[in-house]
Structures are given as structure tokens and as C-alpha cells.
Amino acid sequence: MSYENNQNNQNSEQNSDLKNTQRNYQSKGTLPVENLDVSLSDDKNPYLIAEKSEQKAKEKTTRRLKAVIIVSCIAASLGLNFLSFGMPYAPSIITVDFSAFPELFAGLVINPIAAIIVIIVKNLIYFAIRFSASPTIFASVVNKVIVDIIYVLAGIVLYRAIMRLTYVRKKIYKNKIKSKSTLIIETVVVLVAGIIASLIVAPVSVLSFTKILLPLLGRILGSGSRIIYAQYFRALANLIEQFPSIRNITKDMNYFRAGLLVFNLPLYALKYVVCSLLSTIAFLLFKDLSKNNSN
């Protein structure tokens, strides 16, 4: 009997200690539970609830940031579209603008879908504004959408492919071990990918010009589309007059084909190379700013 009494006394003391512990936790507000032996469900666990709330807040902030970037890129690209300019000696139908650089930037920092959204929305707005002043703007917009999408997708695909190369991955790994920033490596990859994409899209632009833009202009203008060929004839004649050595390059071509080689190909390549340079600078500044804010 004495043994049983001692055992009961020990149990009552343990229960008293357990209740005191529960009261202490509840008074401090650290763990508002009634029974420490009962595990909390995910819906009632304050730590999991706080973690989920924080995660939702971060996701909401990320979505807002992406929306701001897309809208900013649309505005910047549209503004640059209106700042297009002609080049000396080139036919007036060839204009140069750098509106593709915000498109590539959006694709690099968000995803390709964001870049395509920027391209389409920007060109729709541009078409709506310019349609009444220039009926031929439809053909130009269609051609521009196709070429810009090819350029942006090529740049993004090349960037991701280069980043997966063993040499680049080893470089990034070494920098992380040494606690060095990998931003310079990423920026160089963006520049290389952009330049390669520019060289790819230049001949594609010429092909799109001859197979898409000119046929559409022919349907819109009818016989008036001959003016375009006349522009190439006069422009190339003036250029050869100033630089006679060009005749040696184009002697076996007609004036239109020679004009495509002399004017379209180098000007499109130059345009997209500059866009790649601007995208690289914007990418560097954005990543550096994001890193500083996270720190």
C-alpha cells in the first residue's frame, strides 16, 4: 500500500508540474496550447501560419514587381518606337529604332511570355496611334512583331543554353565558393547571347522584309509599291557614286538584291547589336539593384 501511495503522489506531482508549465507558456504567449502532449494541426500552428503568410506576401510582391516591369517595358519600347530614324543613303522605307531592347530585358528578367506580351501590346498601341496617319503601318507592324519575337526568343534561348555550359557552370560554382558575385558572368553571357541573336536575326529580317513586308505593301498600295523598288535603285546609285568600290561587291546583282545586301543586312544587324548592348546594361543595373535591396 505504501508503494501505491508513493506512486500516486509522484503522478500527482508530475501532473501539477505539467499544468504549471502549460500556464507559463500561455502567460508568455510563446505556445498557446492547452495540452503539450497534443500536436498542433497545420491550420492551428502559429509558426506555419506565419510562414505561409510571409510566403504569400512575397509572392504578391513578386507579381506586382513583374507587372511593373512589363508595363515599364511596354512604355519604354513604345517611346523608342516613335524615336525611329532613317540612315544616310538608305531608302526611306528602312528606319532604325531600338525598341527591341526593353522586350529582350523583360524576357531575361521574367520569362519569354512576358517579352511576347511587351512586343504584342506595344505594337498594338503603336498601330492604333499611327493607323489613321499611315495606312501601310499594318504591314510594318506585322513584320516588326515577327522579327522582334524571333530576336527575343533567340536571345533568351541562347542565354539559357550558354548558362548551362559546363565551363560557365564551373566558373559560377568557383565564384560561389569564394563568395564572389556571379553577376559579371551572367552579364557577359547576356551580351554574348544578344550579339549572336542579332547576327541570326539580321538575315531573318531581310527574308521577312522580302517575303512578308513587301507582299503586304503590294496588296495595300497596288502598283504604288513600285516606288519602293525605285527607292532602292536611287539609294544604291547614290551610294555607288560616293563609294565606287561597292560596285565590285554588287556587280552580279540587280539593284534591289544589292540594296538588301548593302542596306538592310548591316543596318538590321547594327540595330539589334545596339539593342543587345542596352539590354545588357539594363540587366546589370537591375540585378545589382535587386541584390542590394535583398541585402
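The model is predicted, so local features need pLDDT of at least 70 and side-chain atom pairs count only at pLDDT 80 or more, while totals for chains, interfaces and linings use all residues. Residues are numbered from 1 along each chain as its sequence is written, and side-chain values use heavy atoms, with hydrogens and water left out.

**Stop one: α3 and α5**

Select residues 100–109, which form helix α3, together with residues 137–163, which form helix α5; helices here are DSSP runs (H or I, at least four residues), numbered from the N terminus. The two axes come within 9 Å and cross at roughly 40°, where axes are lines fitted to C-alpha atoms over the stretch in contact and angles run from 0 to 180 degrees between N-to-C directions. α3 and α5 are therefore oblique to each other, given that angles under 35 degrees count as roughly parallel, over 145 as roughly antiparallel, 65 to 115 as roughly perpendicular and the rest as oblique. Now show the side of α3 that carries A100, E103, L104, G107 and L108, which meet D148, Y151, V152, G155, I156 and Y159 in α5 (contact means heavy atoms within 4.5 Å).

**Stop two: α4 and α5**

The axes of α4 and α5 come within 10 Å and cross at roughly 165°, and that makes α4 roughly antiparallel to α5. On the α4 side the contact includes P112, I116, I119 and F127, and on the α5 side the partners include F138, V141, V145 and L153.

**Stop three: α5 and α7**

α5 and α7 pack at an angle of about 155°, with their axes 7 Å apart, which makes α5 roughly antiparallel to α7.

**Stop four: the largest pocket**

Finally, centre the view on I93, T95, I137, S140 and L213, which lie nearest the centre of the largest pocket, among the 31 residues that line it. On a 1 Å grid over the protein atoms alone, with a 1.4 Å probe, a pocket is an open set of points with protein on both sides within 12 Å along at least five of seven lines, and lining residues have an atom within 4 Å of a point. The volume is about 680 Å³, taken as the space filled by probe spheres set on the points, which are joined across faces, edges and corners.

Key
Helices (H or I, at least four residues) and strands (E, at least two) are DSSP runs, numbered from the N terminus.
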